[in-house]
Each structure stands twice: as structure tokens, then as C-alpha cells.
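Please prepare a briefing on this structure for a reader who is meeting it now.

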Amino acid sequence: MDTATNNAMIQPYSPDWFKLRQGTFTASEIYKLMGEPRSAKDKKEGNLSQTADTYILEKVHEKITGITKSGVSNYATEWGIEHEPLAATWYGKITGHDVQDSFLVFHPDIEGFSCTPDKFVNLDGLCEIKCPVNGANHFKHCMITSDEYFKQEHPNYFWQCVAQMVITGREWCDFVSFDPRVDTKLGLFIYRLHFNIEDATLLVEKVEKARELFNNYLAIFGNK
């Protein structure tokens, strides 16, 4: 699929955007596949966790019913959507990077694996922007100083960034946290995560396993 041609005009959060993501594993939720199963036996056999299994079944349900989860609309999400453009503007001014609007992208080889980065940056980067309504969460983001800390303390955002790099082939992703109420340099925090082959390989293994289970479940429930 030529995602640049077919999906460039699809606006994030539009009905068409939700429809195209129907039944796909998305970068924003890919952390649900990354946790380890509880039992030693499952770990040894390379099985996925119960959380992963539930996520896969949710995607099977989307595929069978044609009903796509449209997200949760609340004050926190509205705050984030409202302030993301300002965050992107400040990010571009501070870094001097060429910040470009993004679009829905599918992995070239793995079926049903997609992402919509917040922005494409230059020719080799991305940025993922968070605007927490809870200021404490912004300060928690400001404490990220290493990849391992990022992975341990914020696995949902860490694996989202990794997935976006895997899907788009970009070399780095800037994790950006923005709080317009903080009138100092700490109002905009940037942590650069570079592509790491070990993390990428682990993620691809989990996604491919999940895709196999998805197809098995679809064969079972889709024929009932």
C-alpha cells in the first residue's frame, strides 16, 4: 500500500481515519502487546500476556462487527488536542527542525500494523507530543534522562515511539511534553529516542505473534 498517496489526506480522528485503523494494531496501544506473561511456562514458550490477548480480541471484534473504538472524549483529551499545535510550533522554533504534518502509515510488510505520528521531522525523524492536563505528569516526563528509564516508567509512550520508527523507517523520535502553564524552559521538554535494533526486533516479534493469533481468532469467530 502506498500510504503516502492513499492516506495523506486522511485527517486524524476523522471517521475515515478510524475506519482505516479498524482491526489494526496501532502504535498508540502497542504497549499492550509488550508486557511479559505471568507464568514461567508462558514466558519460556514465548506466549503473549493476558493483556495482549484481550487487546487482540478487541481488534478481532472490530474486524467482525465493523464497529471501531473511537476513543474517549473528556477534558484531558480535549486539552491535549487543543494545545498540541502550539507545542509543535514551539518545538519547531526551539529546535529549528522542519516540522511537517503527518498521516496514517501502515507497516510495509506486517499486515494491520499502523501509526499516525504527531509530526514528521526533517527527513529522518518524528515527534510524539503529549500535553498532560495534570501538571504532575508533565514534570514526570521531564525526569526522563535515559532510554531505560523511559521504558521502565513510561512504557506506553516508549513503545509508541519505537513502533512509529519501526513502521515509518525513521531513525529517531523526539518525545515532547508540553505544559503552557509552565512559563520557563521546563514548559517544553524534549527527549530523543534513537532507533534501537534490539527494541525494534522484540516489538516486531510480539506484533507478528499477535497477528498470528488475530488471524486464528478471526477464523474461529468470523465463521460462527
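**Briefing on the predicted model**

Cys142 has a relative accessible area of 18%, under the 20% limit, and therefore counts as buried. The chain contains nine helices and eight strands, and buried residues make up 44% of its 224 residues.

**Cysteines**

- Cys131 is likewise classed as buried, because its relative accessibility is 9%.
- A search of the whole structure for disulfides finds zero, and for Cys131 the reason is distance, because the closest cysteine sulfur, in Cys127, is 10 Å away and thus too far for a bond.
- Cys142 is in no disulfide either, as the cysteine sulfur nearest to its own, that of Cys131, lies at 12 Å.

**Overall form of the chain**

- The radius of gyration of the chain is 18 Å, which agrees with the value near 17 Å that a compact globule of 224 residues would have.
- Taken along the principal axes, the box filled by the C-alpha atoms is roughly 55 × 40 × 35 Å.
- Among the contacts in the chain with a separation of 6 or more, 69% are between residues 24 or more positions apart.

**Nonpolar cores**

- In soluble globular proteins, nonpolar side chains tend to be buried together.
- The largest nonpolar core of this chain has 39 residues, and Phe25, Ile30, Leu33, Ile56, Phe113 and Leu203 are those with the most contacts inside it.
- Two or more residues of this core come from each of helix H4 (50-65), strand E4 (113-115), helix H8 (155-168), strand E7 (172-178), strand E8 (188-194) and helix H9, and the largest share, eight residues, is that of H8.
- A second, separate core has twelve residues, including Trp79, Ala88, Tyr91 and Trp172.
- Once residues up to four places away in sequence are set aside, the residues touched by Phe113 include Phe25, Ile30 and Leu203, and also Thr24, Val105, Phe106, His107, Ala163, Val166, Ile167 and Val207.

**Aromatic pairs and clusters**

- The count of aromatic pairs comes to eleven.
- One of these pairs joins Phe25 and Phe214, whose ring centres are 6.2 Å apart and whose planes meet at 80°, so the arrangement is edge-to-face.
- Phe158 and Trp159 form another edge-to-face pair, because their planes stand at 90° with the ring centres 5.0 Å apart.
- Phe158 is buried at 0% relative accessibility, and Trp159 also counts as buried, at 7%.
- The rings of Phe158 and Trp159 belong to one aromatic cluster together with Phe150, Tyr157, Phe175 and Tyr191.

**Charges over rings**

- The charged end of Arg192 is placed over the ring of Trp172, at 3.5 Å from the ring centre.
- Phe214 has Arg211 over its face, 4.1 Å from the centre of the ring.

**Two further buried residues**

- Which residues does Trp17 contact, leaving aside its neighbours within four places in sequence? They are Ile10, Gln11, Pro12, Leu104 and Thr116.
- Trp17 lies in helix H2 (residues 15-20), and its relative accessible area of 6% means that Trp17 is buried.
- Although Trp17 and Leu104 are 87 residues apart in sequence, their C-alpha atoms are 7.6 Å apart in space.
- His141 belongs to helix H6 (residues 135-141) and is buried, with a relative accessible area of 4%.
- Neighbours within four places in sequence apart, His141 is in contact with Lys130, Pro132, His154, Tyr157, Phe175, Ser177 and Phe189, of which Tyr157 and Phe175 are also members of the aromatic cluster.

Definitions and conventions. Residues are numbered from 1 along each chain as its sequence is written. This is a predicted model: local features need pLDDT of at least 70, side-chain atom pairs count only at pLDDT 80 or more; totals for chains, interfaces and linings use all residues. Side-chain values use heavy atoms; hydrogens and water are left out. A disulfide is a pair of cysteine sulfur atoms within 2.5 Å. Buried means under 20% relative accessible area, exposed over 50%, partly exposed in between (1.4 Å probe, protein chains only). Rings of Phe, Tyr and Trp (its six-membered ring) pair if their centres lie within 6.5 Å; planes under 30 degrees apart count as stacked, over 60 as edge-to-face and the rest as tilted. A charge sits over a ring if NZ of Lys or CZ of Arg is within 6 Å of the ring centre and within 35 degrees of the ring normal. A nonpolar core is a set of buried Ala, Val, Leu, Ile, Met, Phe, Trp, Tyr and Cys residues joined through side-chain atoms within 4.5 Å. Helices (H or I, at least four residues) and strands (E, at least two) are DSSP runs, numbered from the N terminus. Contact means heavy atoms within 4.5 Å. The radius of gyration is taken over C-alpha atoms; the globule rule is 2.2 Å times the number of residues to the power 0.38.
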